[in-house]
Each structure stands twice: as C-alpha cells, then as structure tokens.
Amino acid sequence: MDLPIIYHPNYVVPLPAGHRFPMPKFSQLYELLIADGVAHPAQFHTPDYPLTEWITLIHTPEYVQAYSTGTLDAKAQRRIGLPWSSALVNRTCIAVGGTILTAKLALGHGLACNTAGGTHHAFPSYGSGFCIFNDLAIAARVLQKLQLVEKVLIIDLDVHQGDGTAYIFQDDASVFTFSMHCEVNFPGTKQKSDLDVPLPAGMEDDAYLQTLASYLPDLLAQVKPDLVLYDAGVDPHAGDRLGKLALTDAGIYRREMQVLSTCVSSGYPVACVIGGGYADDFKSLVYRHSLLHRAASEVYHHYR
C-alpha cells in the first residue's frame with residue numbers, strides 16, 4: 001500500500017492573466033509527482049463535493065449562500081482577492097472535500113496528503129487572503145461530527161498566521177491550534193491561537209527547525225490528538241514573494257521530515273495540506289510543494 005494522495009482536476013480554474021494567486025501550481029504538482037516517480041496514478045484519490053451542511057458546521061449559512069450564488073458584496077469579494085466565478089465556487093468546495101477525504105484516509109493509513117488546501121484565513125462569515133471556506137476547520141468539525149475523532153491538533157507552519165482557524169476554535173477545547181509564523185506579515189491583526197510562535201523576519205533553516213523542535217514533541221504529548229491536520233505552507237522559503245523568512249529547499253524538506261516523523265512515530269495520524277506558496281518561478285514553487293509528498297512517502301514507507 002502506498003501513501004494516499006488526494007487530487008482533483010478541478011483544483012485548477014482559470015484566473016485573469018497576471019493574477020498573483022498561483023492557480024496552475026496544483027495540476028503542475030500532480031504532474032511533477034508522477035514525472036519524478038514520487039507517486040503513481042493509482043495512488044491518487046479523488047474527492048467528492050462536500051455536503052453544504054458540512055460547510056455550514058463552520059461558516060454561516062448566509063455567507064455560504066451569498067458566496068455560492070455570486071451575490072457577495074463587492075467589499076467582501078475584494079477581501080478574498082479572487083474574482084468570483086461558478087468554476088471557482090466548485091473548485092473551493094472540491095478542495096474542502098479533498099481535505100475531508102485526506103483526513104479520513106489519514107485515520108485509516110496513518111498519513112495522507114492533499115495536493116491543495118490550507119485556506120486558513122477564512123472566517124465564519126467572510127473570506128480573506130485568497131481563502132473562501134476554511135478547509136482545515138471544516139475537516140476537523142466533520143470528522144468530529146462523524147464521531148471519527150474527538151481531539152484534533154492543527155499544526156500550521158504557513159508563513160502567515162492561521163487567523164481564521166484560530167478565531168473559529170478560540171473557545172473550543174476539542175481543537176488545539178498551533179501557528180508558527182512570521183510576526184511582521186499578513187494578517188495585520190493577529191488572532192489568538194492556542195499556541196502562537198511569532199518568528200522574526202529573515203530566520204534561516206537551523207534556527208527555524210530548532211524552534212519547531214522545542215515545541216512539537218511536548219505539544220503532542222500534551223494534546224494527545226486523535227488526528228493532526230498539518231498546513232505545510234512553503235511560503236517561509238527565502239524565495240517566496242509573500243514570505244519574509246529565509247528557509248531553503250533543504251530546510252523545507254527537513255521541516256516536513258521533522259513534523260511527519262515526530263507525529264507518525266508516536267502513533268498520531270497526520271493529514272497534510274500544501275498551504276501557501278507564491279513565486280514567479282513556477283517550477284521552483286511546485287518543487288517546493290512536492291517536498292511534502294516526498295517526505296511523506298519516505299516517512300510512510302519507513303513506519304509501515
């Protein structure tokens with residue numbers, strides 16, 4: 001049995017020329033994983049469209065309805081930063097379905113990876129920063145509702161604080177939110193995660209990995225989650241347009257190995273999403289995202 005990886009062709013929809021959200025990266029990641037022999041077509045799983053009542057476990061029915069029908073007001077639309085289309089509504093929902101499926105497969109296999117996901121800036125009643133519906137929060141709540149898990153740990157290593165996720169679960173002891181992010185970066189107003197680790201701009205590999213190592217094992221021992229949701233954003237990379245940290249490719253790979261081996265070796269199942277990554281050089285960006293799946297494949301085979 002190989003590492004379960006989740007992908008859907010509808011993870012990519014057209015955006016206007018020159019738009020700064022790197023939409024093509026999702027299909028290019030799928031193609032790279034196959035071309036490099038990291039994965040083969042048979043190990044990919046295709047998500048279904050999620051039930052609306054699953055999305056409204058986190059988001060207000062009014063917001064879900066307005067976004068889904070294209071009747072969101074212009075200011076709320078601008079805050080998201082992606083031009084509305086029915087194709088984007090479909091893509092948004094399929095990506096949520098992808099993270100739900102990733103979480104379910106992680107419970108059965110110990111580890112699973114989405115090739116999208118990590119929309120952690122979405123709040124219950126509005127979207128923000130390219131995030132429309134919060135897939136991490138929805139997946140956590142859906143698995144709780146299905147009585148597949150009780151306690152969830154969200155490890156968010158995207159360079160930007162997981163502010164929407166932190167807000168959603170701020171009074172909920174059943175979901176522990178951990179965000180390690182650049183302190184001087186979007187969002188301007190930070191929320192309060194259960195554990196926030198703000199990092200100084202320019203931090204490099206060794207300092208970053210040592211900081212992570214000083215928190216992660218203790219956190220697992222304290223929370224004892226039934227499931228870990230891991231947002232593996234690659235925007236802490238030195239070459240990221242929106243990042244402000246200074247990790248290398250090797251640093252990103254070491255981070256993925258550190259997180260996944262620490263969790264899996266202790267018996268905690270991990271569902272991974274790729275999170276943020278923004279670069280003009282698409283080839284480099286897609287390779288960075290693939291480091292998650294390369295590390296996950298290694299960890300999966302080692303601990304199986």
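What percentage of the 304 residues of the protein count as buried? I looked it up: 59% do, with buried meaning under 20% relative accessible area, exposed over 50% and partly exposed in between (1.4 Å probe, protein chains only).

I noted the ground rules. This is a predicted model, where local features need pLDDT of at least 70, side-chain atom pairs count only at pLDDT 80 or more, and totals for chains, interfaces and linings use all residues. Residues are numbered from 1 along each chain as its sequence is written, and side-chain values use heavy atoms, without hydrogens and water.

**Overall form.** I found ten helices and eight strands, taken as DSSP runs (helices H or I, at least four residues; strands E, at least two) numbered from the N terminus. I checked contacts (heavy atoms within 4.5 Å). Of those between residues at least 6 apart in sequence, 75% join residues at least 24 apart.

**Helix 5.** I compared its span with expectation, 1.5 Å times one less than its number of residues. Its 24 residues (86-109) should span 34 Å, and the end C-alpha atoms are 34 Å apart, which agrees. G110 follows helix 5 and has a positive phi, near 95 degrees.

**Loops.** F186 and P187 are joined by a cis peptide bond, omega about -5 degrees. P187 sits in the loop between strand 5 (175-182) and strand 6 (195-199).

F130 lies between strand 3 (111-114) and helix 6 (135-145). K244 lies between strand 7 (227-231) and helix 9 (249-265). I then checked accessibility. F130 is buried at 12% relative accessible area, whereas K244 is partly exposed at 49%.
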